[in-house]
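Biologist: I would like to learn how to read a structure like this one. Please take me through a few features, with the general idea before each case.

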Amino acid sequence: MDYKRFIREVPDFPKPGILFYDITTLLKDAEALRHIIDDLTERYRDRKVSKIIGIESRGFIFGAPLAYHLGAGFVPVRKPGKLPADSFEVKYNLEYGSNSLAIHRDAIGIGERVLIVDDLLATGGTAAATVNLVRQLGGDIVGLAFLIELTSLRGRERLDGCDVHAMITYA
């Protein structure tokens, strides 16, 4: 399926000079959404994934149904202060500042096979921080799956050693 045809391009959002790829137009199409989950399920079906890590918040949209289809657990990676139990936090730098992500300390067991899922791979900062969280908790990263990759931002380079899959790419 040509997923790009479902993506709305919004110029100058959130600021002038930025071309925003709006996935809400894809999400509202039942057939396109079903195909995305089916395609991801087929790709990872035989990889023995035990946990899906969904990065806040759009990683939850794809991660939860994928976990269901793969018979895996789902673990949210959230902004600090959003998780109720003991959590582990990592700070990371962005091109315009810094941010933090958190995960429950008991979310992943040592050696569990983990697939990280999010909607967008841009500069790779958020994904690399999530990889760091998973590794510090002892998880074995099966791969990272994204709906969209902005290849010109070279985020994949920050994920060296990881199997990275993007369903849609833009230069």
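Modeller: Start with a helix. Helices (H or I, at least four residues) and strands (E, at least two) are DSSP runs, numbered from the N terminus. The expected span of a helix is 1.5 Å times one less than its number of residues. Helix α4, residues 125-136, has twelve residues and reaches 17 Å from its first C-alpha to its last, close to the 16 Å expected at 1.5 Å a residue. This is a predicted model, where local features need pLDDT of at least 70 and side-chain atom pairs count only at pLDDT 80 or more, while totals for chains, interfaces and linings use all residues. Residues are numbered from 1 along each chain as its sequence is written, and side-chain values use heavy atoms, with hydrogens and water left out.

Biologist: Which residues of α4 are buried, and what do they pack against?

Modeller: Buried means under 20% relative accessible area, exposed over 50%, and partly exposed in between (1.4 Å probe, protein chains only). In α4 the buried residues are Gly 125, Ala 127, Ala 129, Thr 130, Val 131, Leu 133 and Val 134. They pack against β3 (51-55), β4 (73-77), β5 (87-94), β6 (97-104), β7 (113-121) and β8 (140-150), where contact means heavy atoms within 4.5 Å. After α4 comes Gly 138, with a positive phi near 95°.

Biologist: At what angle do α2 and α3 pack?

Modeller: Axes are lines fitted to C-alpha atoms, for helices over the stretch in contact, and angles run from 0 to 180 degrees between N-to-C directions. Angles under 35 degrees count as roughly parallel, over 145 as roughly antiparallel, 65 to 115 as roughly perpendicular and the rest as oblique. Helix α2 (residues 30-44) and helix α3 (residues 58-70) pack at about 50°, with axes 10 Å apart, so the two are oblique to each other. The contact includes Leu 33 and Ile 36 of α2, and Phe 62 and Pro 65 of α3.

Biologist: Is Glu 149 buried or exposed?

Modeller: Glu 149 lies in strand β8 and counts as buried because its relative accessibility is 5%. Beyond neighbours within four places in sequence, Glu 149 contacts Leu 121, Arg 156, Ala 166, Ile 168, Thr 169 and Tyr 170.

Biologist: How far apart are His 165 and Leu 40 in sequence and in space?

Modeller: They are 125 residues apart in sequence and 9.5 Å apart in space, C-alpha to C-alpha. His 165 is in strand β9 (residues 164-170) and is buried, at 19% relative accessible area. Not counting residues up to four places away in sequence, His 165 touches several residues, among them Leu 40, Arg 43 and Tyr 44.
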